[in-house]
Amino acid sequence: MSGLRGWLSRLTSERRADDAEPAGVPEPEPAGYAAVTSKGLQKFLLYMGSRPAPVLLDLGAFSGSNVTFFGQLLGCKVIIGDLFVEIERHARERPAEELAAFLSERFTREEASVDGVLLWDVCDYLNRPAAQALAAALVRALRPDGALLGFFGNASHVDIGFTKFVVEDDSHVRLHPRAQDLARQGWMQNRDIIKMFDGLRVSESYLLQNGWREMLFRKGGGGRPII
Amino acid sequence: MDKEAFNVGKSVVFKGELSGSEDIFIEGSIEGKVELRDHVLTIGPNAKVKAEVIAKNVIVRGEVVGNITATEKLDIRDSGSVDGDISAPVVAIAEGAHLRGSVDMQKKPAVTAAPAQAAKPDAKLAPLPTGSPAPGSQRAPGA
């Protein structure tokens, strides 16, 4: 495992060196944005690195540096979901009760077509039926052995505004607060989250320093060792 | 680089297939296909390109609707907007840039003398052993 970590570490330092060149567009250094250590992300990347030509679905707010990071580190295909734009638009134009149906229609990805899903904290912004509909679609889209990484707030996070996750390296994520008309809908118990992702199993679960729960799910059925 | 490039000016509206053997800087509107296999294509901040784009290096500072293939590098600057799928071995995207689609940075199999034999993609890592959370991490309650 230490060899794999070394591989990740080498690749991330190479990426930093690449970013230093003028054509690379480094993330503007944010002042005062919280960075969290993410062990789940490291595991997720190790898993993705073990797949040949992996396909990654990123549902978080679009971040150019994240796309560059994942692409260079994994040599993967990144599908940009940026669900927040659509959730916000839906909230403006349609009743919340229709969000679940909207998300079910929105995710028409072929069954077992992605190796990994970065869900970030999208579920915190969804009502329960919508989160359930999204979870069902993602479970369907994941390939056997696929991985899904999600962050889930708790009661103290309900009033925290919209946050964008920007990956700094294989185990650190910086949280960028953004002005957006999106409110967190509440928080879920662990058992409800696990139930929601029926068909996946919790591979790793961590409580971050800021109180967020970080959960790495895996889809069974591939007959390969799990990280 | 821009000084030597062929310039498609702001007032130019072009429909069709544009190809060439020199660098091109687009500031106008292009619809169709742009192909510069061995050269640099720069899409300027005022440009509107609705086309399939293929070039060695692509720099996007304006608006592109269509798929982009860069055989060497794609660079989307903060004023750039791409609505389409991207394929390039190296991609740099500035914060503030807009992108809707997918980004394919998968390593393409090398072209061999026997193309009928499909090259197996290289797995970077062997299957991974079962692991546990690193020391010092806290388990979420109930998980």
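Two strands are said to pair if DSSP finds at least two bridges between them, where strands (E, at least two residues) and helices (H or I, at least four residues) are DSSP runs numbered from the N terminus. The model is predicted, so local features need pLDDT of at least 70 and side-chain atom pairs count only at pLDDT 80 or more, while totals for chains, interfaces and linings use all residues. Residues are numbered from 1 along each chain as its sequence is written, and chains are lettered from A and ligands numbered from 1 in the order in which they are written.

**Exercise 1. Follow the pairing of strands E2, E3, E4 and E5 of chain B.**

Step 1. Begin with strand E2 (residues 13-19) of chain B, which pairs with strand E4 (residues 29-43) of chain B in the parallel sense over seven bridges; here B:Lys15 stands opposite B:Glu31.

Step 2. Strand E3 (residues 24-26) of chain B also pairs with E4(B), in the parallel sense and over three bridges, and B:Ile26 stands opposite B:Ile43.

Step 3. Continue from E4(B) to E5(B), where the parallel pairing has 12 bridges and the bridge partner of B:Lys33 is B:Glu52 in E5(B).

**Exercise 2. Find the strands that pair with E7 of chain B.**

Step 1. Strand E5 (residues 48-60) of chain B runs parallel to strand E7 (residues 68-76) of chain B, and seven bridges join them; B:Ile59 of this pair stands opposite B:Asp75 in E7(B).

Step 2. E7(B) pairs in the parallel sense with strand E9 (residues 86-87) of chain B over two bridges, with B:Ile86 in E9(B) as the bridge partner of B:Ile68.

Step 3. E7(B) also pairs in the parallel sense with strand E10 (residues 90-93) of chain B, over four bridges, and B:Leu74 stands opposite B:Val91 in E10(B).

**Exercise 3. Describe the open sheet of chain A that has the order E1-E7-E6.**

Step 1. This open sheet has three strands with antiparallel pairing, and its edge strands, each pairing on one side only, are strand E1 (35-37) and strand E6 (163-169) of chain A.

Step 2. Neighbouring strands of the sheet are turned by 30 degrees against each other on average, direction ignored, the axes being lines fitted to C-alpha atoms.

Step 3. Between E6(A) and strand E7 (residues 172-177) of chain A there are six bridges, and A:Phe165 has A:Leu175 in E7(A) as its bridge partner.

**Exercise 4. Is helix H3 of chain A largely enclosed or open?**

Step 1. Take the cut-offs: a residue is buried if 20 or more other C-beta atoms, placed from the backbone, lie within 10 Å of its own, exposed if 12 or fewer, and partly exposed in between.

Step 2. In H3(A) (residues 64-74), 11 of the 11 residues are buried, so the helix is largely enclosed by the rest of the structure; among them are A:Phe69, A:Phe70 and A:Leu73.

Step 3. The residue that follows H3(A) is A:Gly75, whose phi is positive, near 55 degrees.

**Exercise 5. Check the span of helix H6 of chain A and see what covers its buried residues.**

Step 1. The expected span is 1.5 Å times one less than the number of residues, so the 14 residues of H6(A) (residues 128-141) should span 20 Å, and this agrees with end C-alpha atoms that are 20 Å apart.

Step 2. Its buried residues include A:Ala130, A:Leu134 and A:Leu138, and what covers the buried residues includes helix H5 (99-106) and strand E5 (142-152) of chain A.

Methods
Contact = placed C-beta atoms within 7 Å. Axes fitted to C-alpha atoms, helices over the stretch in contact; angles between N-to-C directions.
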